[in-house]
Amino acid sequence: MLRLNNLKTYFFTEEGVVRAVDGVSLSIGEGETLGLVGETGCGKTVTALSIMRLIQEPGRIIAGEVFYNREDLLRKSEEEMRRIRGREIAMIFQDPLTSLNPVYTIGDQLTEVLRLHQKLDKKEALRRAAEILKLVNLPSPEKILNQYPHELSGGMRQRAMIAIALSCAPRLLIADEPTTALDVTIQAQILELLKELMQKFQSSVLLITHNLGVVAELCDRVAIMYAGNIVESADVNAIFKHPKHPYTMALMNAIPKLHREVERLEVISGSVPDLTAPPAGCKFHPRCEHAMPVCSEKVPVEKEIEEHRVACHLYDAD
Ligand code: SF4
């Protein structure tokens with residue numbers, strides 16, 4: 001249903017060209033949930049915004065294809081994209097305050113989407129809006145319809161945001177760190193809600209997160225992103241049981257284990273590279289325990305290793 005081919009999105013800043021997304025290829029099947037995982041600043045959100053065609057200056061999609069149902073979204077007019085956003089592809093952001101409009105009530109925002117995309121009259125849209133708020137387990141939907149975003153708690157705002165995203169039953173839902181801004185108990189409730197709704201709506205989902213616990217809970221497949229590239233992708237069990245790429249292995253080792261001593265927690269040494277001047281060859285080489293001379297010279301090509309796709313010289317044929 002969604003396929004990205006060699007997508008490149010760069011930001012042309014005064015400090016130089018930031019290669020935020022630097023040749024990403026991935027696909028999501030019908031009804032499938034793909035987790036896009038990586039550290040902050042690795043290009044996950046820019047990938048999502050590129051799919052939605054919401055990249056703002058000084059950013060620009062400079063190459064690649066974004067096929068949605070076999071049509072390249074990068075060739076659509078702005079008007080066609082407006083129809084697709086919300087009705088076909090919807091997005092949930094990390095912080096609902098940045099995407100909910102503070103001067104309109106939740107009811108205004110929900111009914112606007114319903115009237116625009118589903119052509120409902122005002123009364124019908126209000127009835128449907130109350131139903132959807134009930135679906136995301138918001139108490140007293142009639143009251144919430146008349147409230148402004150700032151009158152709700154963080155968890156309630158995120159539920160309202162999910163309600164707006166799901167109001168037109170999109171075929172593809174992009175959720176960008178949907179629980180990160182919430183406290184732990186609310187995070188668990190929102191995850192549970194997302195899981196329930198994903199089953200109910202049977203939408204395909206691109207779930208962006210740096211939390212591997214969330215991935216284990218919700219995803220069918222995982223793509224691991226590092227410095228603008230996908231370095232490994234596989235089915236969720238294969239990634240957790242037998243990670244192949246050294247970066248994936250490092251991420252796995254960084255998960256706090258319940259019975260581990262605090263001193264033995266491993267963190268990935270070094271930091272995400274400066275994307276205006278990324279390291280030559282494999283961008284992970286300055287941080288990689290397995291780096292070899294070839295790693296700083298040649299960009300590794302993606303290969304199929306067992307059920308994984310992995311870009312690493314460890315798997316080069318001799
Ligand atoms: Fe490490 Fe080399 Fe593989 Fe990069 S290509 S992850 S540096 S072994």
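**Close-up views of a predicted model**

**View 1. Pro58 and its cis peptide bond.** Pro58 sits in the loop that runs between α1 (44–51) and β4 (59–68), where helices (H or I, at least four residues) and strands (E, at least two) are DSSP runs numbered from the N terminus. The peptide bond that joins Glu57 and Pro58 is cis, with omega of about 5°. This is a predicted model, in which local features need pLDDT of at least 70 and side-chain atom pairs count only at pLDDT 80 or more, while totals for chains, interfaces and linings use all residues. Residues are numbered from 1 along each chain as its sequence is written, and side-chain values use heavy atoms, with hydrogens and water left out.

**View 2. Ala227 in a loop between two strands.** Ala227 belongs to the loop between β9 (221–226) and β10 (229–235), and its phi is near 50°, a positive value in a residue other than glycine. Most residues other than glycine have a negative phi, and most peptide bonds are trans.

**View 3. The packing of α4 with α5.** Helix α4 (residues 106–118) and helix α5 (residues 122–135) pack at an angle of about 115°, and their axes lie 9 Å apart; axes are lines fitted to C-alpha atoms, for helices over the stretch in contact, and angles run from 0 to 180 degrees between N-to-C directions. That angle makes α4 roughly perpendicular to α5 (angles under 35 degrees count as roughly parallel, over 145 as roughly antiparallel, 65 to 115 as roughly perpendicular and the rest as oblique). On the α4 side, the contact (heavy atoms within 4.5 Å) is made by Ile106, Leu110, Thr111, Leu114 and Arg115, and on the α5 side by Lys122, Ala125, Leu126, Arg128, Ala129, Ile132 and Leu133. By class, the contact of α4 with α5 has eight nonpolar, one polar and three charged residues, where Ala, Val, Leu, Ile, Met, Phe, Trp, Tyr, Cys and Pro count as nonpolar, Asp, Glu, Lys and Arg as charged, and the others, Gly among them, as polar.

**View 4. The packing of α7 with α8.** The axes of α7 and helix α8 (residues 184–201) come within 10 Å and cross at roughly 15°, and α7 and α8 are therefore roughly parallel to each other. Gly155, Gln158, Arg159, Ile162 and Leu166 of α7 meet Ile186, Gln189, Ile190, Leu193, Leu194, Leu197 and Phe201 of α8. By class, this contact of α7 with α8 has eight nonpolar, three polar and one charged residues.

**View 5. The largest pocket.** The largest pocket has a volume of about 710 Å³; on a 1 Å grid over the protein atoms alone, a pocket is an open set of points with protein on both sides within 12 Å along at least five of seven lines, a cavity is a set of points where a 1.4 Å probe fits but cannot get out, and lining residues have an atom within 4 Å of a point. Grid points are joined across faces, edges and corners, and a volume is the space filled by probe spheres set on the points. The pocket is lined by 24 residues, of which Arg85, Gly86, Val113, His117 and Ile164 lie nearest its centre.
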